[in-house]
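Biologist: I would like to learn how to read a model of a protein with two chains. Please take me through it step by step.

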There are 2 protein chains.
Amino acid sequence: MAEECGTGTSGRFNRRAVKVGEAQRLVLAAADGLRCGSELVPLRESGGRRLAQTLCASSDWPPFARAGLDGYAVRAADTAQASPEMPATLRVVDSVAAGGIALAAVEAGTAARIMTGAAVPEGADAVVMLEQTAEATLPGGAAAVLIKRAARPGQNIAPRGEEFRLGAALAAPGTVVRPGHVALLGTFGYAEVPVQKRPRVAVFATGSELLPVAAPLAPGRIRDSNSAMVAAMIEQSGAEPMLCGALPDDPDAVAAALERVWDDADLIVTTGGVSVGDYDVMSDIIRRVKSGSWTGAGHDEGRQACRVLFDRVAMRPGSPTSAAMLGDKLLLSLSGNPGACFVGFELLVRPALQRMQGVRDALPRAVTARLAAAVDKPSPHDRYVRTRLIYEADGRIAADPLAFSKSSMMASIAESDGLAVIPSGSLGAKAGELVEVLLIP
Amino acid sequence: MAEECGTGTSGRFNRRAVKVGEAQRLVLAAADGLRCGSELVPLRESGGRRLAQTLCASSDWPPFARAGLDGYAVRAADTAQASPEMPATLRVVDSVAAGGIALAAVEAGTAARIMTGAAVPEGADAVVMLEQTAEATLPGGAAAVLIKRAARPGQNIAPRGEEFRLGAALAAPGTVVRPGHVALLGTFGYAEVPVQKRPRVAVFATGSELLPVAAPLAPGRIRDSNSAMVAAMIEQSGAEPMLCGALPDDPDAVAAALERVWDDADLIVTTGGVSVGDYDVMSDIIRRVKSGSWTGAGHDEGRQACRVLFDRVAMRPGSPTSAAMLGDKLLLSLSGNPGACFVGFELLVRPALQRMQGVRDALPRAVTARLAAAVDKPSPHDRYVRTRLIYEADGRIAADPLAFSKSSMMASIAESDGLAVIPSGSLGAKAGELVEVLLIP
């Protein structure tokens, strides 16, 4: 393999790094072509899914003028002179429970007992709180109510359509369904909800050192923790992981393994094997695609459908991260190093999965925070440092770089809720500097 | 029902409000007695669950001295005088793939080709990056490598146990399993993970105005949106909702309905019917428990097991929120108003579900933010205003009170990611004031 060392013709070191933003643009453009379509799910299974259509109000809301509390529906004019000493006395003509319908209109000099949420009877234009009334009996025995102060027209009534008008757009396609959306969907009768289908993602590990998680350790071997981590991140992204185990070291066997998941997977994610080592099988695959000699899954006669999006990204960790279109499937190859794998997922895979589910703003949300401690490692590329956000008592936020931030260090993955972006350069960033932090779930 | 109006003896208005903190303390103390036990789930289903035991390192990590990159394992001393002009020439005695085992030790004057993640052979104390080496051939034809600069002892090697020592505690019981935890679990061989059982939560709505979500609207009726919203929040909290539909108006029938879910539910949540109206059946239930006349589900001979925790909370919205122990079941009765129902869930139900899953810090996370606009409603009680957090370019955060913040208004539920706490008083809070904001998922 000596001919592949140095700056030989094989291209092993001949990988031009694209900027992170450019890599994201390429991946999102590819993901745009990978929409998975929509499906109907029962309302109670819609939480966390992405809407496939604009959620619209199917009626005015409220659908009728509603009483905001328990009390009496009155005509405000009848109470204009009321005071504790000289209360207005109104004959009670009806009692309207929530869900019931008034039998009589409220005419001058009358009132109707009304419950929270009930439709305000015709004629009434205010509801007086029960606690501000007293019951009474008219001469002759008819029930009445004493109102001790003037009611304001409209008080304690939510007019029809106050919140929403029929047809109003309440949420855009791609919106993740939160509990508040479930309430809106229920209100407007969506017993079934059109949601984006969950993308199916094949997950492969590479590396002959890898043991299954259930295996005992053996000399020189470690367990494959990336597959399960990536699967958990895929689930978090609203997609369905398909755990495919470890890929063999041989590119032809890799092609065969991809072939086997081809019809079932919308996206293929691999971990490891993208570096410059002798056994970096994913690098071999990417090189084959680049040189036009790939004849595995997705390969077509014209060979136009297979193309490398990038085989190096200007970032730390995870610079060997690569991406290719194999026919109509997107292959995202992450570093095997757990920290780099994690960062590569947040920057590239999660955005792809979001976009495949119709999300417009598919990139991680960026906020500004003060760096709580220096990150004084120089780097030729932008560095993504796992941090924990600190909300301070004065309303500021700080990002604390986690102690174990070497890319091989796993404890910081579990603890981080942000990735601080330290721009490339020889200095790193000082404590107190404002930096961009990408929020991670 | 005239005898129940005013400040009569029935207790309808005779409800002493407890402070929110006190209500939370009472609910969490009750939840402490409702632990659901643990179960083993496959690693790939553990994401989002709560750990039932301390997660411990089952070996040192790394389990052996690992090469951090592709290159050559050397004895640093052999390279001490190396320079680009006078490189050290070392005979290559072995090639160690990740997962492989060195056949030879690295002795003075020798080196071993090594791949990222492979075990560093005995004798070597540094790894030199492949890109900083060149291959060579010794007289006689043996393979060699040229090292052009001095290696530092330990460079590019992660020593055994650098990250974790056997037995180290990595996460406490109650920790929610995030992707980073999944990586740790995989690394340490947890093919099955001991997690807290998901509490089963029976969800009932009350209100004769309620239609099922699938039903067409009818005069005076609205659809039951709370049940589905609460179910989505229960799922979000790691628990299992059991949607039980609407409770009848009659307390005896309520008792029978509770009886039917008794054995299957760990917690019972109701929405609506807690106010002072004539048909507020949950208020009736709470009054019966308070007065000792409750004989429904959970009632025992001694009657000691049934007790009201509170039947009014000093908060807006949601002041009628009530809680009782019915035997060994906790009943949490939320307001029917969607906004109040939502706030009641965040302040009381979610914390209860967290605690039932072993979470110590079960209350919502509180941060400090600047109020982006005034909340100038006076209130006799602390007010919980739905807000959207704004991360500003100077590293501060602001909380924007959502326009539709009346308790009946639903759009703001979907849009909010925080509840700003506006202390009770006659003034509300001004724009720019620092307020406490409870983060909501």
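Biologist: Through which surface do the copies meet?

Modeller: Contact here means heavy atoms within 4.5 Å. Of the interface residues of chain B, 100% are also interface residues in chain A, so the copies meet through the same surface. Note that this is a predicted model, in which local features need pLDDT of at least 70 and side-chain atom pairs count only at pLDDT 80 or more, while totals for chains, interfaces and linings use all residues. Residues are numbered from 1 along each chain as its sequence is written, chains are lettered from A and ligands numbered from 1 in the order in which they are written, and side-chain values use heavy atoms, with hydrogens and water left out.

Biologist: Which residues of H2(B) are buried?

Modeller: Buried means under 20% relative accessible area, exposed over 50%, and partly exposed in between (1.4 Å probe, protein chains only). Helices are DSSP runs of H or I with at least four residues, strands are runs of E with at least two, and both are numbered from the N terminus. H2(B) is mostly covered, with 9 of its 9 residues buried; among them are B:Pro179, B:His181 and B:Leu185. These buried residues pack against strand S15 (222-223), H3 and H7 of chain A, together with strands S2 (55-56), S11 (169-171) and S12 (192-196) of chain B. After H2(B) comes B:Gly189, whose phi is positive, near 80°.

Biologist: What does B:Thr187 touch?

Modeller: B:Thr187 lies in helix H2 of chain B and is buried, with a relative accessible area of 2%. Not counting residues up to four places away in sequence, B:Thr187 touches A:Arg223, A:Ser225, A:Met410 and B:Trp61.

Biologist: What covers the buried residues of H3(A)?

Modeller: Helix H3 (residues 226-236) of chain A has 9 of its 11 residues buried, including A:Met229 and A:Ile234. Their cover includes helix H6 (338-356) of chain A and helix H2 (179-187) of chain B. H3(A) is followed by A:Gly238, whose phi is positive, near 85°.

Biologist: Where is A:Pro63 found?

Modeller: A:Pro63 is in the loop between strand S2 (55-56) and strand S3 (66-67) of chain A. A:Pro63 is buried, with a relative accessible area of 14%. Not counting residues up to four places away in sequence, A:Pro63 touches A:Arg160, B:Leu217, B:Arg221 and B:Ile222. A:Pro63 and A:Glu163 are 100 residues apart in sequence and 9.8 Å apart in space, C-alpha to C-alpha.

Biologist: How many helices and strands does chain A have?

Modeller: Chain A has 7 helices and 26 strands. Buried residues make up 56% of its 441 residues. Along its principal axes, the C-alpha trace of chain A spans about 110 × 50 × 40 Å.
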